[in-house]
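Visitor: I am new to this protein and would be grateful for a guided introduction to its structure.

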Amino acid sequence: MDYIQDISPSGDLPYPNLIQAYANSDQHMYFMEPKQPSVRGGAGKLLQDATECDFEKSVSKNFGTFGSFTHVYTKPRLGAGSHYFTFYRKDPGTLDYGLGRLNEDVYECAKMNIMRHPLPDDPNNPDYAVAMAPSDAVQGMNKALLRLTNYPFIPNPVMSAPLLPRRGPTGGPDDVRGVSSDGRFSKPASQQPQGLSKVFQIPELCMKLMLELGNRWGDLSNLSRSCQMMMFAINKVSTRVDLTRGDFMNMDFEDGEIDLAMACAANKDRCVNGKFQKPGSVAFLIMSNVRNIHKIPGEDKTNNAGRQTGWYKPSAERRIIDTYKMLKSFHIRGRHMKILHLHSVPNFDVPLLEKCLEHLPNLEVLGIHNCELLHFGCTIPLLRAIIEHNNKDENKIVRADFSPRYYFGMDVNSDGRTGEYGVIPSDQGTIDTRRAIVAVLRTAVPLALDNNIDWFTPGTGMRQFLERIPFKLGTLRYILEALYRIHDYESGVHYRLSNKTIPPQEVNDYFSSDTLRRTIYNDLVLAVEGTAMERDMLFPLTTIRDQFHLVQCAYCAAKLPAYFYTEESANRQASQVQCAGCQLCIQLELQVDNFFEEKKGVMSHLFNHGRIKTIDEFLTATRTATDEEIENFHFPFWDLAVKTKNQVRGPVRQALQDPDFSVLDDRPGPKKPEEDKQIWIWRERTMLAMRHAACKIDRGHEKAERRIANCRRAIEYLNYLYSAGNPSDFAQVRENRDTVEKLERFIIQERARCGEAQMIGKYGTVAAANWDTEIKKYRETVQKNAGLIQNNGPRVIWGDEKTSLFW
């Protein structure tokens, strides 16, 4: 979305810019203090007494980096009383954190394009790209925008993986080969400068550029798609592991093992397709899934939601083998890796990251993006893991980039869809995700800034993730700036940057002032809220007994206004108060959607419930099998044993003379030495994890269907009893209805576990920010401003110009 010409060649939006509209009308409906406030515009008149004005001027004179105070505007109601609106400051100080864009308004409004997030009840959904007659179907830019909704599940996408083009480069304007039909790039509009071409054609120079840009996924992806030659040059200097096929290109074997395999091969002609070839350079390594490697029957068909079907999906059981290969690759070749990108890697969590970093001593750039087990709740643990690694003297500084797992909504026409929330898979009606995300960032931003980690400027992976969350229109940049200013205020930056000589006592009087502290936290609350707030609503959020006060979370220790706590949590004892951010992290960790709980269980089995601390211990450790295990027919001893059967069996005569030397398929008996009973830890843990994955995930859908069928039969029977009047007294009727309600909720939970539905709040309650809702509000506001919605009746319409004073 950085490229506005992808939306409209003129560089503007194909619909009104609502942010600009708020500058002149309905000013109170936007959070930013208007540059020209007026009663007619909606903001009202500035309300500020002489004392406040003098204090503000004094602060501005001595500490120009701080800016103004929170201003209150008064607007009379029709009748008694007035509104007292508070806004995010238009003068927040002179410090520029580099968090904005030149085309900020256009970028923000482009997120609300209905064609990127079509609603079920709207004609702009993928169905009319499939079901409508060719003559009526959309074309051109609209068709391209609709395809974005289903990307990458569309026929012949240009990219088959991050930084991996599906086809070779397209020639110049005279090239007559097909473009969109075979998944090629568009024909070049102009020739790239030769100087730039030479830079990227030299592998060493290209690698130097990747070392600078590799930790900024947004910038790297934008650079790669700005020119075909750059894309293919970057792809040439990198080595890719295809996780879809599990092709690690022999990186999980040592060079000596590969040479031995070559020497033992009876026919060297069989050594094709990399079977015995040594891997290339792993200095720049990308691990990702690769779509559509080989033709699959039914691949060209689409389902009722317009998504392409027939994609190959590896089983969870086979993914365990890939995890083992990945760990062995890091163990063998980790010292050669300088840039490592992990995209949508399964079975990868924070504890495993800590283990992997120990085997990557020369790593300089690390990118972790959209991995299934690394949701937004892992942000702070992952950040601390990187900081801990960088603080060790023997390690190189790793510049890391992180994009948490983004949760798309279900197919638009699916009966299980409730919306697209981004940070959570389902809205259970308990957490306002905007407040929760900012509560987590309240800890993450200072932690990153104190350790020189940039995760929040445009072009980073984390910023790109946050841009995809349905915050209120135009607020994300100012939320981050508010968090940066809180960090600067608490760090004393304004005093250090002041060019005035001020006695320490006066400085303390300034910065212990409730007015200054309340101002910076007001900005944070107003930016998250996305609209102007009444003074009587905003002031109590940071005040107790007329004194400035923040509530401290007992779990993360963050100090935040009461706005970021539920009423239930804020009323608890101090040791039990929990902010919305911690509640979000717990919900993400305990989610059931898409077998998340079972996938966490895979990692638990693989590393023996946390008892295996390092990759070395996992790959090289052994243990002695007990006699009970050896004598157990179901225990696969020979699959796990260090020695082969011939090495353990020994002379046949000895086994016949003393049966204690051999039991059950020539397994070592009690009199055999312990060295013959050794088994590999990695084989045992991998086999246990594979069994868990096969039973709980691969066959989990089938089991869930049986549970759902049983519940539906039980509901049918309970409804029959209820309608027949068999529960006679009130208690039995209530128990009957409560049981039906629990079974219906369990059915939704099981469907969510299988990826067929999204969980909903009890009694249909909603709390999370939803793209469907935000876009619908945006469209309604634009239609109202354009005069398409008019009040022709006796009742007041919200926001109507003639009756807005009632608001």
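**A guided tour**

Guide: Arg753 is buried, with a relative accessible area of 9%. This is a predicted model, in which local features need pLDDT of at least 70 and side-chain atom pairs count only at pLDDT 80 or more, while totals for chains, interfaces and linings use all residues. Residues are numbered from 1 along each chain as its sequence is written, and side-chain values use heavy atoms, with hydrogens and water left out.

Visitor: Why does Arg753 count as buried?

Guide: Buried means under 20% relative accessible area, exposed means over 50%, and partly exposed lies in between (1.4 Å probe, protein chains only). Arg753 counts as buried because its relative accessible area is 9%.

Visitor: With which residue does the side chain of Arg753 meet in a salt bridge, and at what N to O distance?

Guide: A salt bridge is a side-chain nitrogen of Lys or Arg within 4 Å of a carboxyl oxygen of Asp or Glu. The partner of Arg753 is Glu597, at 3.9 Å from N to O.

Visitor: How many residues apart in sequence are the parts that Arg753 and Glu597 tie together?

Guide: Helices (H or I, at least four residues) and strands (E, at least two) are DSSP runs, numbered from the N terminus. Arg753 lies in helix H31 (residues 730-753) and Glu597 in helix H23 (residues 596-606), so the parts that this pair ties together are separated in sequence by 156 residues.

Visitor: Is Glu597 buried or partly exposed?

Guide: The relative accessibility of Glu597 is 46%, so this residue counts as partly exposed.

Visitor: How many salt bridges does the count come to?

Guide: One example is the pair Arg245 and Asp242, whose closest N and O atoms are 3.0 Å apart. Here Asp242 is buried at 6% relative accessibility, whereas Arg245 is partly exposed at 45%. By the salt-bridge rule, the count comes to 37.

Visitor: Which parts of the chain hold Arg101 and Glu467, and how many residues apart are those parts in sequence?

Guide: The side chains of Arg101 and Glu467 meet in a salt bridge of 2.8 Å, N to O. Arg101 lies in the loop between strand S3 (82-86) and helix H3 (104-110), and Glu467 in helix H15 (residues 461-467), so the pair ties together parts whose separation in sequence is 366 residues.

Visitor: Are Arg101 and Glu467 buried or exposed?

Guide: The relative accessibility of Arg101 is 15%, so Arg101 counts as buried. For Glu467 the relative accessible area is 4%, so Glu467 is also buried.

Visitor: Where does Ala704 lie, and which residues does Ala704 touch, not counting residues up to four places away in sequence?

Guide: Ala704 belongs to helix H30 (residues 700-724), and Ala704 is buried at a relative accessible area of 0%. Contact means heavy atoms within 4.5 Å. Leaving out residues up to four places away in sequence, Ala704 touches Glu750 and Cys754.

Visitor: How many helices and strands are there in the chain?

Guide: Of the 807 residues of the chain, 49% count as buried. Among contacts between residues at least 6 apart in sequence, 72% join residues at least 24 apart. The chain contains 32 helices and 19 strands.
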